[in-house]
Structure formats: C-alpha cells, structure tokens
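Hi everyone, thanks for making time. Let me put the structure up on the screen, and then we can walk through it together.

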Amino acid sequence: MSFVNRFNQLNWDDISLSIYAKTAKDVERALAKPRRDLEDFKALISPAAEPYLEQMAQQSFALTRKRFGHTMSLYIPLYLSNLCANACSYCGFSMENRIKRRTLTEDEIEAEVAAIKAMKFDSVLLVTGEHETKVGMNYFRKMLPLIKPSFNYLAMEVQPLAEQDYAELKTLGLDAVMVYQETYHPSTYAQHHLRGNKTKFEYRLETPDRLAKAGIDKIGIGALIGLEEWRTDCFFVAAHLDYLERRYWKTRYSISFPRLRPCEGGLQPKSVMTDKQLVQLICAYRLLNSEVELSLSTRESEVFRDNVLPLGITAMSAASKTQPGGYALEDSELEQFEISDERSASRVEAMIRSKGFDPIWRDWHSAYSG
Ligand code: SF4
C-alpha cells in the first residue's frame, strides 16, 4: 500500500474539469468553513477564486501567524555535485548538457561549510544530481558525518533511495528530504524525463512513503510549476499531502512551488503561472492546511518574495548558489538554474526584520522544541 493506490483512483481530466467548473458560491462556501477539504481546495485554486484573493490572503495570514508566529526560517542549499545520470528537459545538470562536472571533495566541502557558517545559517539543504554510483550512498556515508556537526538541521534533495538507506542516513544526522514529483501527469512526466532512474514515475511517487516509514522527520513535496496545467498538478500535491498526513501523522511536511526558471537547455513552460496566481496557490495551501510548512526559494524575485512573505510562507532560502562550490570556490558555469533573488543573507535578514518578523537560522520546529 502506497500513494500509488490512491493516485490510481484519481483521474487527471475529471479533476481538471471539476476545478474549472467551480463557481463563486463554491469559493464563498470554502472561505466560510473552519476546516477545508480537497473539494474546497479545488475551489480556492480555481479561476472563480481570483476575485477573492484579498479575503484568502487575510485568512492565510491569520492562520499562519496563529501556528508559526512572526517567524521565518532561513536555509541555504549546498550543492555537492552536478553529476547526473538522468536527462530532465528543464535542468542544467541534465546528462545531455555539455557542462563542466564537479563533485566536491572533503576539503572543498569543509570550505563551503565554513563560508555558509560565516553567513549564520544553521539549516542546510544538501543537493546533488542523481548519480547512483558517484554520488550515491557511499558518498553520503562519507560526507554527512563531515557536514552534520556544523548544522542544527540537515535536509537533502538527492535521488530517491530505498527505505533502509533513508533509515541509515537518519542515523548519520539526516532530518529532512525534499522529493518533488515534478508533474503528476504520467505522460507529461515521461516526455520530460527521458533517461536514467528518474524515468520511474511510480518509484518516485512512492518515495515519501519510504521516507515516512524510515522515520525521517520532515518530507518536502511539490510539483515543478509549468510542466503541466498548474492547477491540476497542484491539486495532486494537495492530495498527496492529504494521503501522507492521514497515514504517517508523526511526520512533518513542507510544500514548495518552484516555477520553471531559465537554465541550460532553455525549456519554455507549458502552463504559465502569474505572480497573482502563485499568491492564490500559497493562500489555498494554507487555507487547506494550517500545519504544513510552505517554502519559497530564491527562484522568485526580491520584490515578489518581500511582498508574499507574510501571507503563508514559513521558510525561505537566501544567498543561494546553485552550483557545487558556489560559496567558496565560485564557478558560475556550473549552475543548475539561474536564481532571481541575489541578495546576501544579511540583506534578506534585514528585510525580514523590517517586516516585523524574526529570522530563524534553523528549522522552525527544532528552534522551538529545543
Ligand atoms: S532535475 Fe535532478 S535528476 Fe533531473 S537532470 Fe537535474 S539534477 Fe538530474
């Protein structure tokens, strides 16, 4: 039993039609309810909800403050390798792109960690391409013990692993794993994932189940917005969250909503999401679920991040570099995608304070549970 069973009961076209059939009445009903379900979520992400954005934002703000106070967790990605044995149409690390490849050595990791610590971060997201042999378990076994002592919270965004591998990494200090399905539309998924292990749609879909069974503290899910019709894909993310929370209630969850960014290879989005629609989506996730963490990366612009910060977001990356060695070694040729908000960590910190929020340099939950 895994999310695949639930997924197979969901029909993409029916869901899409029912989202677009939602009316103003459905939106008003959803807004008036103290607890919302997935049908309400459909109404809140539908075009019919666009005139209700102000009300959605007010409720989202209030719910987020009630649960998370005026805090904002800050984290930074640490890219360990850009080697990849997959070919994803939207990614600069795709094996089909002729770019310089680098996997950080122990000394290089130490230099990166020192540069990150100098910026105050205590929460780090380790990122690699998906290369089982060169950046697989043997590499992680060596590198996690090197990195973990420097950070309160350690997250990873790497290839999907087996349950026992996650359990082992947990003993080495792993706290959280981000694994985005990219799109929940199987044939669109197949079009964008042409080679390597990432072609296995169902194995990826079951990864959060394996993570929860391995006892990982927090799991991040999401879709890459732009690969498919965004409303339907984001409904599937919500359905995935709903399934996981019912089944693995001890685990914490976070959602990300990355929009396609320019990269080597230059894929154009099939479905464009405007800034206003992203605000609508963020508020809709919050109105559906007051506990889920919502994370916003530096893919988004300064102006957008500053404005949207109070509306439901609980964690932000800052000062990100998307290439291995980006903090201490510098080599912009290797980056995964271009970032948009290029401010330093201290400037992002100052912005957060200017809005009346407390920046937290570690994971929100670990900061308050000791
Ligand atoms: S998205 Fe991940 S798996 Fe796909 S090419 Fe990029 S690094 Fe590799």
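Let's start at Tyr 285. Setting aside residues up to four places away in sequence, Tyr 285 touches Phe 41, Cys 234, Val 237, Ala 238, Ile 255, Phe 257, Val 292 and Leu 294, where touching, or contact, means heavy atoms within 4.5 Å. Before going on, please keep in mind that this is a predicted model, with local features needing pLDDT of at least 70 and side-chain atom pairs counting only at pLDDT 80 or more, while totals for chains, interfaces and linings use all residues. Residues are numbered from 1 along each chain as its sequence is written, and side-chain values use heavy atoms, leaving out hydrogens and water.

Where does Tyr 285 belong? Together with Ile 147, Phe 257 and Leu 281, Tyr 285 touches the most other members of the largest nonpolar core, which has 104 residues. By nonpolar core I mean a set of buried Ala, Val, Leu, Ile, Met, Phe, Trp, Tyr and Cys residues joined through side-chain atoms within 4.5 Å. Buried is under 20% relative accessible area, exposed is over 50%, and partly exposed is in between, with a 1.4 Å probe and protein chains only. Helix H12, residues 230–247, gives this core its largest share, ten residues. Helices here are DSSP runs of H or I with at least four residues, strands are E runs of at least two, and both are numbered from the N terminus. Apart from that core lies another, of 19 residues, with Tyr 75, Cys 84, Val 127 and Leu 227 among them.

Let's look at Val 127. It sits in strand S2, residues 123–128, and counts as buried because its relative accessibility is 5%. Tyr 79 is 48 residues away along the chain, yet the C-alpha atoms of Val 127 and Tyr 79 are separated by 4.6 Å.

Now over to Glu 182, in the loop between strand S4 (176–178) and helix H9 (186–192). Is Glu 182 buried or exposed? Its relative accessibility is 9%, so Glu 182 counts as buried. Its side chain makes polar contacts with the side chains of Lys 198, at 2.8 Å, and Tyr 90, at 3.4 Å. A polar contact is a pair of N or O atoms within 3.5 Å; within protein, one must be able to donate a hydrogen and the other to accept it, and residues adjacent in sequence count only if both atoms are side-chain atoms.

Finally, the whole chain: it has 16 helices and nine strands, and 61% of its 370 residues count as buried.
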